[in-house]
Amino acid sequence: METVKLSNKIGVMVDSLRLPLYEGLKVCRDMGADGVQIYAVEGEMAPENMDQNSRKHLKSYLESIGLEISALCGDLGGHGFQDADQNPVKIEKSKRILDLAAELGTNIVTTHIGIIPEEQNSPIYEAMQAACEELAVYARSMDAYFAIETGPEPSARLKKFLDTLSTNGVSVNFDPANMVMVTGDDPADGVRLLKDYIVHTHVKDGMRLKSADPRDVYGFLGYGGGTNHEKIAEMVASGEYFREMPLGKGAVDFEAYFNALNEIDYQGYLTIEREVNQNPIRDIAEAVGFIKSFR
């Protein structure tokens, strides 16, 4: 395998730093990041809480310190878009997050939509498909992408689902660690399979300690209790099934992953996400250095 040479911009999920927003943005700049991904679901970044002045102020502040927004995160939690009764409200909120993204200078919003069932004729599959079709059409109307994060299902099932939509307005935010930790999929193979849909990536590492039903990790409508956020938090805290690790310390083969991204001519961001909170600032600073070592 050839030595990887990366030219992609480096992003940081600013919320991973667990700092107030503007303080976190400064830290990202000081670490040498090119851009940031920001949660835009609740609190000060929720579209309904950001008036025109707040939007202009954030955009001009980012420009003043030389940062871009790689993507907004619009993960609404719960069971994603599995529940047809809840979908109208979630679709509307997702559209407003797409609008906010455009105003702030990015055309990508990432999310989890819930585990895509194997059975295409199931009501859950149909609810997810209808929601994603509406969001795909809306996103493409503004030259944007609503990007599903990899991990809850094998990449082949995700591709099959995306192929049923009329446009690529719903695309992929590729996270190699989720695949390694939960489905056991090979990230490099997943990149090649999903190559026509990848618009944003996460750079995260981890290892699977023992096999787990993805429904126990991400939740599934009508299965067990709790929402996906609660379940993921429990699974991460227990450390029984998988463990998120600092970059280069887990089971993701980054040379193979980065090579696959180069192979498909992926030009977008490599955005660092760290969901473990022992020392995220140190871990993320080291992760920036890790990616830069491939340049």
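Modeller: Start with a cut-off: a residue is buried when its relative accessible area is under 20%, exposed when over 50%, and partly exposed in between. Keep in mind that this is a predicted model.

Now the pairing itself. Side chains of opposite charge can pair when their charged atoms come close. A salt bridge here needs a side-chain nitrogen of Lys or Arg within 4 Å of a carboxyl oxygen of Asp or Glu. By this rule the count comes to 20 salt bridges.

Take Asp 283 and Arg 274. Their side chains form a salt bridge, 2.9 Å from N to O. Asp 283 has a relative accessibility of 7%, so it counts as buried. Arg 274 stands at 8%, and therefore it is buried as well. There is also a network: Asp 175, Lys 204, Glu 273 and Glu 275 are joined into one by salt bridges that share partners.

Next, Asp 143 and Arg 140. Their side chains meet at 3.4 Å, N to O, in a salt bridge. Asp 143 is at 47% relative accessibility, so it is partly exposed. Arg 140 has a relative accessible area of 29%, which means that it too is partly exposed.

Then Asp 30 and Arg 29. This salt bridge spans 2.7 Å, N to O. Asp 30 reaches 58% relative accessibility, so it counts as exposed. Arg 29 has 33%, and therefore it is partly exposed.

Two packed helices are described by the angle between their axes and the distance between the axes. H1 brings Leu 21, Tyr 22, Leu 25 and Lys 26 to the contact. H2 brings His 57, Leu 58, Tyr 61 and Leu 62. By type, the contact residues divide into six nonpolar, one polar and one charged.

One more arginine deserves a look. Arg 215 is found in helix H8, residues 214-218. Its relative accessible area is 32%, so Arg 215 is partly exposed. Between Arg 215 and Val 182 there are 33 residues of separation in sequence, and 10.0 Å in space from C-alpha to C-alpha.

Terms used: Residues numbered from 1 in each chain as written. Predicted model: local features only at pLDDT ≥ 70, side-chain atom pairs only at ≥ 80, totals over all residues. Heavy atoms only, no water. Contact = heavy atoms within 4.5 Å. Helix = DSSP H or I, 4+ residues; strand = E, 2+ residues; numbered from the N terminus. Nonpolar A, V, L, I, M, F, W, Y, C, P; charged D, E, K, R; others polar. Buried < 20%, exposed > 50% of the residue type's maximum accessible area, 1.4 Å probe, protein only.
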